[in-house]
Protein chains: 2
Amino acid sequence: MTKSALTKHIKTYLVISEEELTQIASFFDYHSYRKKETLILAEKRCDQLFFVIEGCLQSYFIDNLGNPKTIQFAIENWWLTDFLAFQNQKRSNFNIETVENSEVLSISFSKYNELLTKFPVMEKYFREIYQTAYGSALMRLKHVNTFSKEEMFLKFRDSYPEFVQRVPQYLLASFLGLTPEYLSEIKRK
Amino acid sequence: MTKSALTKHIKTYLVISEEELTQIASFFDYHSYRKKETLILAEKRCDQLFFVIEGCLQSYFIDNLGNPKTIQFAIENWWLTDFLAFQNQKRSNFNIETVENSEVLSISFSKYNELLTKFPVMEKYFREIYQTAYGSALMRLKHVNTFSKEEMFLKFRDSYPEFVQRVPQYLLASFLGLTPEYLSEIKRK
DNA sequence: AAGAAAAATTAAGCTGGTTTAAGAAAGTTA
DNA sequence: TAACTTTCTTAAACCAGCTTAATTTTTCTT
């Protein structure tokens, strides 16, 4: 069943019955997307939270000069949306797009709240997810302040070698906050 | 009572009885600190989560060149720790220090878990806190990628004018990721 | 109120990383 | 497999922001 990736993931955080898991899974919609499809458009109301079963998504925005800048990638078992906009039901600051062909679960804001009300145990699941994600985002802010662009790339390549292979170089450059040209120069060394 | 700032804050997120709030508050310890006292030392086990009743804390680290870099400030009603290290009970990546004389509540990791177990409604409270904090951290990453250092300062001053008055300029520079010298130059214009 | 320490300013020289522009390589489609 | 499109590389000129260092101003301490 396509939703087993999610239920499996939930079980790593919670002690929970199969019966409940089935009901929880029913709150989500399954989608299959091809590479480079848009799931959320910046400036539009952000009403969907996504869970990646298989594949890769990115959230990005267009900077002053018209260049797309990747904020996050989400691969298997990651959650993605514009969390602030989703929570406040405001316009999204980011575009969300598939980087690869992807299988995804989605949930609307109202369903998400209904889920949390009917299954309060999911509060614990998301509390842990966000607690980790928040901590990690702060570590990223630390890295941005600590390392030169060259070090950023080298560290990232050491930490996630398979991922560096997986995404196109210009997206990696965008995520790491440097130009594709400079990344190319770094690699030459 | 010194803990009323916390219970008041919790009430803005949850419908909850006074009786429960009193019990919840009993999990926390009250401390009063003078300016520039250290609450958590980098490299030491991170076993405390802090809530600011009054005053201002910062988390910072020392970069390669020996310069302190501020990651976050926490003022009234904010939570602060090294969230990743706290959760995993690892050594802290950050120093946490008072910027002003401050009144603070603290809770240890084991008490925190006990609190969440005994009062599952607090899962919802922290889920919402972290969800917002995570979303905000990602917006900060967006800003770091979008704006020049000059724009960073001007935007920040427009958004939080009272806070810019409140903290020393060198800490603000550290938080915004520029040198005090350059900040000084920007202000002159 | 004096002296010491911490914070802020000013200015000149320097550099990591961008911009621009053009060509080479790799993917995609028919 | 040819034509087209997307991605990657190379190189030179350029600049936002840093470094260094000296001076001034503000804040702290007694």
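Strand 2 of chain B and strand 7 (residues 95-98) of chain B run antiparallel and are joined by 2 bridges. This is a predicted model, in which local features need pLDDT of at least 70, side-chain atom pairs count only at pLDDT 80 or more, and totals for chains, interfaces and linings use all residues. Residues are numbered from 1 along each chain as its sequence is written, while chains are lettered from A and ligands numbered from 1 in the order in which they are written. Helices (H or I, at least four residues) and strands (E, at least two) are DSSP runs, numbered from the N terminus, and two strands pair if DSSP finds at least two bridges between them.

- Within strand 7 of chain B, B:Glu97 is the bridge partner of B:Thr38.
- The open sheet here has 4 strands in the order 2-7-4-5 (chain B), and its pairing is antiparallel.
- Strand 2 (38-40) and strand 5 (68-74) of chain B are at the edges with a single partner strand each, so one side of each has no neighbour in the sheet.
- On average, neighbouring strands of this sheet are turned by 30° against each other, direction ignored; axes are lines fitted to C-alpha atoms, for helices over the stretch in contact, and angles run from 0 to 180 degrees between N-to-C directions.
- Helix 5 (residues 121-146) of chain A packs on this sheet and touches strand 4 (57-62) and strand 5 of chain B, its direction making about 150° with that of strand 5 of chain B.
- Helix 8 (residues 169-176) of chain B lies across strand 4 and strand 5 of chain B, at about 95° to strand 5 of chain B.

**The sheet that holds strand 1**

- Another open sheet of chain B has 4 strands in the order 1-8-3-6, with antiparallel pairing.
- Its edges are strand 1 (29-33) and strand 6 (79-80) of chain B, each with a single partner strand, so one side of each is left without a neighbour in the sheet.
- Over 5 bridges, strand 1 of chain B pairs in the antiparallel sense with strand 8 (residues 102-108) of chain B, and B:Tyr30 stands opposite B:Leu105 in strand 8.

**How the chains meet**

- Chain A superposes on chain B by a rotation of 180° with 0.0 Å of shift along its axis (RMSD 0.0 Å), using least squares on the C-alpha atoms of residues with pLDDT of at least 70 in both copies.
- The two copies are thus related as by a two-fold rotation axis.
- The contact takes 32 residues from chain A and 32 residues from chain B, where contact requires C-beta atoms, placed from the backbone, to lie within 7 Å.
- On the side of chain A that touches chain B, helix 5 of chain A gives the most, with 20 residues.
- That side of chain A has 14 nonpolar, 11 polar and 7 charged residues (Ala, Val, Leu, Ile, Met, Phe, Trp, Tyr, Cys and Pro count as nonpolar, Asp, Glu, Lys and Arg as charged, and the others, Gly among them, as polar).
- The copies meet through the same surface, because 100% of the interface residues of chain A are also interface residues in chain B.

**Around the DNA**

- DNA strand D is surrounded by 17 residues, the closest being A:Gln169, A:Tyr170, A:Ser184, B:Ser148 and B:Tyr182; near means a C-beta atom, placed from the backbone, within 6 Å.
- Helix 9 of chain A supplies the largest share of the surface near DNA strand D, 6 residues.
- DNA strand C is surrounded by 17 residues, and the closest are A:Ser148, A:Tyr182, B:Gln169, B:Tyr170 and B:Ser184.
- Helix 9 of chain B gives the most to the surface near DNA strand C, with 6 residues.

Methods: Two residues are in contact if their C-beta atoms, placed from the backbone, lie within 7 Å.
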